[in-house]
Amino acid sequence: MTINIQLGKYSKEVAEPTDLATCLEFTLTWGEAADNNVDLLRVCSAALGVALHKEALLPKYRPDRDKIFPYGRKILSRLLEQGVSSNEIYSSGSSVLAAMAKAIPQKKEVEEKQDFFHSAEEED
């Protein structure tokens with residue numbers, strides 16, 4: 001599956017994010033930011049940075065070093081400098097965040113998978 005990102009004159013179809021830890025972290029942060037427009041804009045911007053990392057248009061997100069809100073602030077600044085509107089950032093960023101949320105395995109999906117944790121008896 002792909003996500004359509006439309007930012008000003010730039011339009012790109014990108015692959016949905018696959019790093020589940022990043023997806024979970026961003027989804028939780030998105031939920032926390034729902035009541036604060038500045039934080040919401042930053043998490044949407046950060047999600048766009050993650051989605052567009054292969055395009056080398058924006059600074060790369062490094063989860064071991066970057067925190068989501070400061071990284072999102074950096075991306076937000078770059079996007080605004082390029083004439084991208086806040087509405088476009090919200091819209092495209094929300095699409096990326098929705099795809100991240102969808103990627104996180106749900107309880108039912110996990111129960112249907114093979115036993116990926118080895119029991120102590122299997123290791124003997």
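Predicted model: local features only at pLDDT ≥ 70, side-chain atom pairs only at ≥ 80, totals over all residues.
A pocket is an open set of grid points, where a 1.4 Å probe fits, with protein on both sides within 12 Å along at least five of seven lines.

**Figure 1. The largest pocket and its lining.** The largest pocket holds about 330 Å³ of space. Its lining is made up of 15 residues, of which Pro17, Thr18, Val50, His53 and Lys54 are the closest to the pocket centre. Strand E2 and helix H2 each contribute at least two residues to this lining.

**Figure 2. Helix H2 and its surroundings.** Helix H2 consists of 15 residues, and the distance from its first C-alpha to its last is 21 Å, close to the 21 Å expected at 1.5 Å a residue. At the start of H2, a side-chain oxygen of asparagine 36 comes to within 3.0 Å of the backbone nitrogen of valine 38. Because 11 of the 15 residues of H2 are buried, the helix is largely enclosed by the rest of the structure. Among these buried residues are Leu40, Leu41, Val43, Cys44 and Ser45; Val50, also buried, is one of the residues closest to the centre of the largest pocket. The elements that cover the buried residues of H2 include strand E1, strand E2 (10-15), and helices H1, H3 and H4.

**Figure 3. The largest nonpolar core.** This core contains 31 residues, and those that touch the most other members are Ile5, Phe26, Leu79, Ile89 and Val96. At least two core residues come from each of strand E1 (2-7), helix H1 (20-33), helix H2 (37-51), helix H3 (68-81) and helix H4 (86-103). Helix H2 gives the most, with nine residues.

**Figure 4. The contacts of valine 96.** Neighbours within four places in sequence are left aside in this view. Valine 96 is then in contact with Ile3, Ile5, Pro17, Ala47, Leu48 and Ala51.

**Figure 5. Tyrosine 61 in the loop between H2 and H3.** Tyrosine 61 is located in the loop that lies between helices H2 and H3. Its relative accessibility is 9%, and residues under 20% count as buried, so tyrosine 61 is classed as buried. Apart from its neighbours within four places in sequence, tyrosine 61 is in contact with Thr22, Glu25, Phe26, Val50, Asp66, Ile68 and Tyr71. Tyrosine 71 is 10 residues from tyrosine 61 along the chain, and their C-alpha atoms are separated by 7.2 Å.

Key. Residues numbered from 1 in each chain as written. Heavy atoms only, no water. Core = buried A, V, L, I, M, F, W, Y, C linked by side-chain atoms within 4.5 Å. Buried < 20%, exposed > 50% of the residue type's maximum accessible area, 1.4 Å probe, protein only. Helix = DSSP H or I, 4+ residues; strand = E, 2+ residues; numbered from the N terminus. Contact = heavy atoms within 4.5 Å. Expected span 1.5 Å × (residues − 1). Polar contact = N/O pair within 3.5 Å; in protein donor to acceptor, adjacent residues only side chain to side chain. 1 Å grid on protein atoms, 1.4 Å probe; cavity = no way out; pocket = protein on both sides within 12 Å on 5 of 7 lines; lining within 4 Å. Points joined across faces, edges and corners; volume = space filled by probe spheres on them.
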